[in-house]
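User: Could you zoom in on one part of this model for me and go through it slowly? I'd like to know what surrounds it and how that ties in with the rest of the fold.

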Amino acid sequence: MTTSTFAQFYASWYDQFTRLINQLTTPPNQTDTQEQIRKVMSHHEDYFNAKSTAAEKDPLHVLASPWATTLEQSLHWIAGWRPTTAFHLIYTESSLLFESHIIDILRGLRTGDLGDLSPTQFRRVSDLQCDTEENAITEELSEWQDSATDMMGSEAEINDKIQRLVGIIKKADELRLRTLRSVVEFLSPQQAIEFLIASAELLVGIRGWGLNHDRSLPRI
């Protein structure tokens, strides 16, 4: 897959993604809920697989992410979202829902949503956050950038340096996908749906704001 082909793929992927998320808002029963979660996760896997193929063709282009808005690019960590964002999102959503259900909770009622995370689930979030490889991959990219003097070498040496970037991009995307899987696994189906909807709303919201901003800029 060429980088231009990936840009076309992303446009199609994003449209289908928004449709899948809309379907999550009203799951009719438990069986369909599990199937909807599977479809969304499979859709994420398709994205990362296609991106991996594009990175092998042109890692510099993928790192620049020209298919993203300037706002999205400004928030990127190695051509995508930071894995720790998933944990921050869980804490934020849990806090908001807990406050909205505080009366029910004081009465001993269980809501079963993200505002009703168990101590075990909170420990799991903390453990995942501590175990994330985000800092290590950030350091690897920093070392790659610090070795800019290698660009003064032969064409073969320059190509070798650029190819090293492929591995860094793949590690970042593998961590993103692994984080999504880990979070969905320790949440109940209802909580997983709420998490996927919240994360999608963040992605769609940022892209929407970015598109509006880019369209408002005068053409140069």
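**A close look at Gln121**

Leaving out its neighbours within four places in sequence, Gln121 is in contact with Asp116, Phe186, Leu187, Ser188 and Gln191 (contact means heavy atoms within 4.5 Å). Before going further: this is a predicted model, so local features need pLDDT of at least 70 and side-chain atom pairs count only at pLDDT 80 or more, while totals for chains, interfaces and linings use all residues. Residues are numbered from 1 along each chain as its sequence is written, and side-chain values use heavy atoms, with hydrogens and water left out.

Gln121 sits in helix H7 (helices are DSSP runs of H or I with at least four residues, strands are E runs of at least two, and both are numbered from the N terminus). With a relative accessible area of 12%, Gln121 is buried (under 20% is buried, over 50% exposed, in between partly exposed, using a 1.4 Å probe and protein chains only). A polar atom of the Gln121 side chain lies 2.9 Å from the backbone nitrogen of Ser118.

Now for the helix pair around it. H7 (residues 119–131) packs with H9 (residues 155–186) at about 170°, with axes 10 Å apart (axes are lines fitted to C-alpha atoms, for helices over the stretch in contact, and angles run from 0 to 180 degrees between N-to-C directions). H7 and H9 are therefore roughly antiparallel (the label for angles over 145 degrees; under 35 is roughly parallel, 65 to 115 roughly perpendicular, the rest oblique).

H9 and H10 (residues 189–216) pack at about 145°, with axes 7 Å apart. Here Leu180, Val183 and Val184 of H9 meet Ala192, Phe195 and Leu196 of H10. By class, this contact is 6 nonpolar residues, with no polar and no charged ones.

Further back along the sequence, Lys51 is worth a look. Lys51 belongs to helix H2 (residues 30–57), and it is buried, with a relative accessible area of 0%. Beyond four places in sequence, Lys51 touches Phe6, Val62, Ile78, Ala79, Gly80, Asp173 and Arg176. The Lys51 side chain reaches the backbone oxygen of Ala79 at 2.4 Å.

Ala79 itself lies in the loop between H4 and helix H5 (84–100). Ala79 isn't a glycine, yet its phi is positive, near 65°. At 4% relative accessibility, Ala79 counts as buried. Ser65 is another non-glycine with a positive phi, about 50°. Ser65 is in the loop between helix H3 (59–64) and helix H4 (70–75), and it counts as buried at 0% relative accessibility.

Stepping back to the whole chain, there are 10 helices and 0 strands. Of the 220 residues, 38% count as buried. Among contacts with a separation of 6 or more, 77% come from residues 24 or more positions apart.

Terms used
A polar contact is a pair of N or O atoms within 3.5 Å; within protein, one must be able to donate a hydrogen and the other to accept it, and residues adjacent in sequence count only if both atoms are side-chain atoms. Ala, Val, Leu, Ile, Met, Phe, Trp, Tyr, Cys and Pro count as nonpolar, Asp, Glu, Lys and Arg as charged, and the others, Gly among them, as polar.
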